Amino acid sequence: MIKKCLFPAAGYGTRFLPATKAIPKEMLPILNKPLIQYGVEEAIEAGIVNMVIVTGRGKRALEDHFDISYELEHQIKGTSKENYLKEIRMLLEKCTFAYTRQMEMKGLGDAILTAENLVGNESFAVILSDDLCDNGQDYGVLLQMCRIYEKYRCSIVAVEEVALEEISKYGVIDGREVGDDVFMVDNMIEKPSKEEAPSNLAIIGRYILTPDIFDILRETKPGKNGEIQITDALLEQCKKGMVLAYKFKGKRYDCGSIDGFVRATNVFYQKFQGN
């Protein structure tokens with residue numbers, strides 16, 4: 001069983017400047033809830049209650065959010081507004097939160113390696129909270145992946161079909177289908193051109209990683225943009241053993257982009273109105 005979920009949250013969120021000059025992009029709200037809270041709730045649904053968050057300078061709002069605000073709670077105690085904190089109180093009662101800082105922005109692979117001491121020698125999940133996933137009444141993406149992990153006990157990446165015109169924004173897999181929407185990965189390429197792309201199956205911000213990934217990341221050389229890419233480490237891992245890709249059920253919104261953020265806000269608002 002996966003016991004820990006890692007949230008890389010040290011990036012600058014430059015696509016949302018100037019808003020993210022003082023506010024972490026993970027704290028941008030979809031309706032009345034920040035992106036990272038949606039990710040934590042997805043992890044809880046998958047049975048995970050130990051959250052590890054990799055932060056950076058100017059990210060104290062993340063720690064403050066997952067904490068008690070005595071002044072605020074005192075002010076609204078006994079009023080109708082007290083119910084607004086019901087969900088976050090539930091998270092605080094269920095979960096533990098541990099934090100570490102990524103000193104330099106050297107890529108997702110480096111952010112994951114930064115958390116090694118907090119994760120330990122066990123398999124773990126990774127959620128990129130600006131990839132907001134909506135599954136309606138079905139199971140969340142991470143729970144779907146955890147059930148696949150219980151069967152195969154290897155690293156798993158979530159993938160979705162994307163248009164070839166967009167493929168250069170993603171890591172892309174090449175593989176053979178071995179089960180219902182489950183692929184054995186033979187190759188991965190980080191941000192290929194559409195001519196280089198081996199498929200249209202792009203990796204999105206959900207991973208389950210086995211602990212040997214840390215040793216591989218230590219030996220991984222910087223790739224595109226001088227960053228340590230988790231895609232490069234996973235490619236090495238699949239050469240030594242097995243990595244699976246899972247075409248998940250549900251809809252992903254790229255809330256790291258303004259278009260995706262607005263789209264998600266509209267969809268979630270319509271759902272809210274329907275309740």
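1. Two strands count as paired if DSSP finds at least two bridges between them. Strands here are DSSP runs of E with at least two residues, helices are runs of H or I with at least four residues, and both are numbered from the N terminus.

2. Ground rules before you dig in: this is a predicted model, with local features needing pLDDT of at least 70, side-chain atom pairs counting only at pLDDT 80 or more, and totals for chains, interfaces and linings using all residues. Residues are numbered from 1 along each chain as its sequence is written, and side-chain values use heavy atoms, with hydrogens and water left out.

3. Have a look at S8, residues 155-161. Six of its seven residues are buried (under 20% relative accessible area, 1.4 Å probe, protein chains only), so the strand is mostly covered.

4. S8 runs parallel to S12 (residues 243-247), and five bridges join them. Ala158 stands opposite Tyr246 of S12. With S11 (residues 201-209), S8 pairs in the antiparallel sense, again over five bridges. There, Glu160 faces Ala202 as its opposite residue.

5. Now the second largest pocket: about 1,200 Å³ of space, lined by 44 residues. A pocket is an open set of points on a 1 Å grid over the protein atoms alone, where a 1.4 Å probe fits, with protein on both sides within 12 Å along at least five of seven lines; lining residues have an atom within 4 Å of a point. The volume is the space filled by probe spheres set on the points, which are joined across faces, edges and corners.

6. Nearest the centre of this pocket lie Lys33, Tyr38, Glu41, Glu87 and Phe268. H1 gives the largest share of the lining, seven residues.

Terms used
Buried < 20%, exposed > 50% of the residue type's maximum accessible area, 1.4 Å probe, protein only.
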